[in-house]
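Student: Could you show me how to read a fold of this kind, one feature at a time? I would like the general idea before each case.

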Amino acid sequence: MNAEAIITFARVESDWRLVGRIEDIPRQGARCVKTGEMTVAVFRTSDDRVFAMEDRCPHKAGPLSQGIVHAGCVTCPLHNWVISLENGRAQGADEGATRTFPVKVEDGSVYLKL
Ligand code: FES
């Protein structure tokens with residue numbers, strides 16, 4: 001590996017931000033992370049998978065972090081649109097998408113990449 005490759009790798013790794021512990025996120029719920037420009041909801045499923053997306057429903061900007069997580073989706077608390085946690089897209093006949101972000105868990109610590 002040459003020096004340029006090492007620098008690039010280090011920069012990519014530093015993009016991951018520690019946002020907390022997985023046990024701080026309720027199963028089938030979410031915790032919010034505020035960035036300078038938006039709020040990101042980090043969701044935890046019943047089988048301990050984590051997903052992250054902007055806390056803004058594609059319908060009328062409802063707070064998805066307050067919705068119910070089920071079967072890889074979250075139901076918006078305002079008008080019940082169902083949003084995929086994988087890709088942020090509205091399901092069924094509804095159209096639109098919310099930005100999603102990479103998130104990972106290592107030794108119980110949750111890292112978010114913005
Ligand atoms: S704002 Fe989410 S369903 Fe209307």
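Student: Leaving aside neighbours within four places in sequence, which residues is Val69 in contact with?

Tutor: Two residues are in contact if their C-beta atoms, placed from the backbone, lie within 7 Å. By that criterion, and with neighbours up to four places along the sequence set aside, Val69 is in contact with Gln28, Gly29, Phe43, Thr45 and Val74. For one of these pairs, Val69 and Gly29, the C-alpha atoms are 6.0 Å apart, although 40 residues separate the two in sequence. Residues are numbered from 1 along each chain, following the sequence as written. Please keep in mind that this is a predicted model, in which local features need pLDDT of at least 70 and side-chain atom pairs count only at pLDDT 80 or more, whereas totals for chains, interfaces and linings use all residues.

Student: Why does Val69 count as buried?

Tutor: A residue is buried if 20 or more other C-beta atoms, placed from the backbone, lie within 10 Å of its own, exposed if 12 or fewer do, and partly exposed in between. Val69 counts as buried because it has 23 C-beta neighbours inside 10 Å. The residue belongs to strand β5, residues 68-70, and across the protein 27% of the 114 residues count as buried.

Student: How should I read the confidence of the model, and where is the pLDDT below 50?

Tutor: pLDDT is the predictor's confidence in each residue, from 0 to 100. Here the mean for the protein is 90, with 88% of residues reaching 70 or more, but over residues 1-12 the value is below 50, and that stretch has one contact in the model beyond near neighbours in sequence. Where pLDDT is low, the predicted coordinates should not be read in detail.

Student: In what order do the four strands of the open sheet lie?

Tutor: Strands of a sheet pair through backbone hydrogen bonds, either parallel or antiparallel, and two strands are taken to pair if DSSP finds at least two bridges between them. The four-stranded open sheet has the order β2-β3-β4-β8 with antiparallel pairing, and its edge strands, β2 and β8 (100-101), each pair on one side only. Six bridges join β2 to β3, and among the residues involved Cys32 has Ala41 of β3 as its bridge partner; these two strands form a hairpin with four residues between them. Two bridges join β4 to β8, where Ala52 is partnered with Phe101.

Student: Which strands form the three-stranded open sheet?

Tutor: That sheet has the order β1-β10-β9, again with antiparallel pairing, and its edge strands are β1 (16-21) and β9 (103-106). β1 and β10 share five bridges, with Arg21 opposite Ser109, while β9 and β10 are joined by four, with Val105 opposite Val110. In the β9-β10 hairpin, which has two residues between its strands, Asp107 takes a positive phi near 50 degrees.

Student: Which residues of β10 lie on the covered face and which on the uncovered one?

Tutor: In a regular strand the side chains alternate between the two faces of the sheet. In β10, Val110 and Leu112 make up the covered face, whereas Ser109, Tyr111 and Lys113 make up the uncovered one.

Student: Which residues of the largest nonpolar core touch the most other members?

Tutor: A nonpolar core is a set of buried Ala, Val, Leu, Ile, Met, Phe, Trp, Tyr and Cys residues joined through C-beta atoms within 7 Å. The largest one contains 22 residues, of which Ala41, Val42, Phe43 and Ala52 touch the most other members. Two or more residues come from each of β2 (29-34), β3 (39-44), β4 (50-54), β6 (73-75) and β10 (109-113), and β3 gives the most, with four. Val42, with residues up to four places away not counted, has contacts including Val19, Ala30, Ala52, Val103 and Val110.
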